[in-house]
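Trainee: Please take me through one part of this model closely. I would like the residue detail first, then how the rest is put together.

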Amino acid sequence: MALLEIENLTKTFGGLRAIGGVSFSLEKGMIVSIIGPNGAGKTTFFNTLTGIYKPTEGSIKFNGKSLVGLRPDQIAARGISRTFQNIRLFQEMTVIENILTGMHVHMKQSGIDTLFRLPTFKKEEKEAEQKALRLMKYVGIKGDVGNDLAKNLPYGAQRRLEIARALAADPLLLLLDEPAAGMNPQETEEITRLFRRIREEMGITILLIEHDMRVVMNISENICVMDYGEKIAEGTPAEIRSNTSVIEAYLGRGAVAGQHEEKIA
Ligand SMILES: Nc1ncnc2c1ncn2[C@@H]1O[C@H](COP(=O)(O)OP(=O)(O)OP(=O)(O)O)[C@@H](O)[C@H]1O
């Protein structure tokens, strides 16, 4: 059974068909990328998967159970975590506090425990903080910055912090929306390595939207290509590189090709 099984997914906004009848399945343990030109429907696909939007039509099954109609927090509790295209941290909270917010989907203590800071709460709180610190180091945030405000971290570290927060929920599936955006080549290489480690060491399945073809071709076992809300191709990096309709719709287009041509060829 596939971890994620999507059939005929459609999402319209008024007259606009942002996603038009996409079927897609993702096996456990894979790293898969979604690529396609601006406006192809990639982020809407993530937003529909995570309960921000309700599908207009179609089914989404995760671990064999339907996600349609569930709230984003319920979907997170089922094991899907995500990061956003534009960083969405709690800027006025510390690094550790940001990571702790990712953990709350699984925290056991009741309101009363929390209110009176009973021993069960204190113990859980301490363990959670230790886990947050471990995650901070794991994603490569350097230095003793756990108590620094998120807004004071450099850009690359903020991106890593988003990943740590997503991992804090112990997901089965991690959705990354343009994780390499705004990163320099060295940061991009490091973050690509981090994704591989997350899959190898934590066994987490990864689905990412990415425009940087170095990342996509380097890390993906499979690539799904979208254009105008439809899936126009799917295959291994080698298959996608030589697919004429993909080259026509995306890889061959001026801006993108100019940026990445030498890496794709
Ligand atoms: N909330 C919304 N209301 C109306 N239209 C929307 C909404 N969200 C997305 N759209 C439209 O749906 C289409 C797909 O947008 P989406 O952001 O999913 O594309 P994308 O592939 O993620 O693009 P990019 O690579 O630029 O992030 C676009 O035409 C967009 O304007």
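Mentor: Glutamate 189 counts as partly exposed, because it has 15 C-beta neighbours inside 10 Å. Keep in mind that this is a predicted model. Glutamate 189 sits in helix α7, which covers residues 185-202.

Now take glycine 140. This residue lies in the loop between α5 (119-138) and α6. Glycine 140 is also partly exposed. The reason is its count of 17 other C-beta atoms within 10 Å, which falls between the limits of 12 or fewer for exposed and 20 or more for buried. Leaving out residues up to four places away in sequence, glycine 140 touches Arg160, Glu190 and Leu194.

The crossing of α3 and α6 is right-handed. From α3 come Val95, Asn98, Ile99, Thr101 and Gly102. They meet Leu161, Ala164, Arg165 and Ala166 of α6. By class, the residues of this contact are five nonpolar, three polar and one charged.

Next, the ligand. What surrounds the ligand? The shell consists of Phe13, Leu16, Ala18, Gly36, Asn38, Gly39, Ala40, Gly41, Lys42, Thr43, Thr44 and Gln85. Four of these residues are nonpolar, seven polar and one charged. Two elements, β2 (16-26) and α1 (42-49), each supply at least two residues of the shell. The most come from α1, which gives three.

Stay with α1. Why is α1 largely enclosed by the rest of the structure? Seven of its eight residues are buried, so the helix is largely enclosed. The buried ones are Lys42, Thr44, Phe45, Phe46, Asn47, Thr48 and Leu49. Just after α1 comes glycine 51, with a positive phi of about 85 degrees.

Six strands form an open sheet in the order β6-β7-β8-β3-β9-β10, and the pairing is mixed. The edges are β6 (80-82) and β10 (230-235), each of which pairs on one side only. From one strand to the next, the twist averages 20 degrees. Helix α10, residues 244-251, packs on this sheet. It touches β3 (31-35), β9 (222-227) and β10, and its direction makes about 125 degrees with that of β10.

At one, β6 pairs with β7 (residues 173-177) in the parallel sense over three bridges. Here isoleucine 80 has leucine 173 in β7 as its bridge partner. At the other, β9 and β10 pair in the antiparallel sense over five bridges. Methionine 226 stands opposite lysine 231 in β10. The two strands β9 and β10 form a hairpin with two residues between them. In that turn, tyrosine 228 has a positive phi of about 45 degrees. When you view the strands, remember that side chains in a regular strand alternate between the two faces of the sheet.

Methods:
Residues are numbered from 1 along each chain as its sequence is written. This is a predicted model: local features need pLDDT of at least 70, side-chain atom pairs count only at pLDDT 80 or more; totals for chains, interfaces and linings use all residues. A residue is near a molecule or strand if its C-beta atom, placed from the backbone, lies within 6 Å of it. Helices (H or I, at least four residues) and strands (E, at least two) are DSSP runs, numbered from the N terminus. Ala, Val, Leu, Ile, Met, Phe, Trp, Tyr, Cys and Pro count as nonpolar, Asp, Glu, Lys and Arg as charged, and the others, Gly among them, as polar. Two strands pair if DSSP finds at least two bridges between them. Axes are lines fitted to C-alpha atoms, for helices over the stretch in contact, and angles run from 0 to 180 degrees between N-to-C directions. Two residues are in contact if their C-beta atoms, placed from the backbone, lie within 7 Å. A crossing is left-handed if the near helix is turned anticlockwise from the far one by less than a right angle, and right-handed if clockwise.
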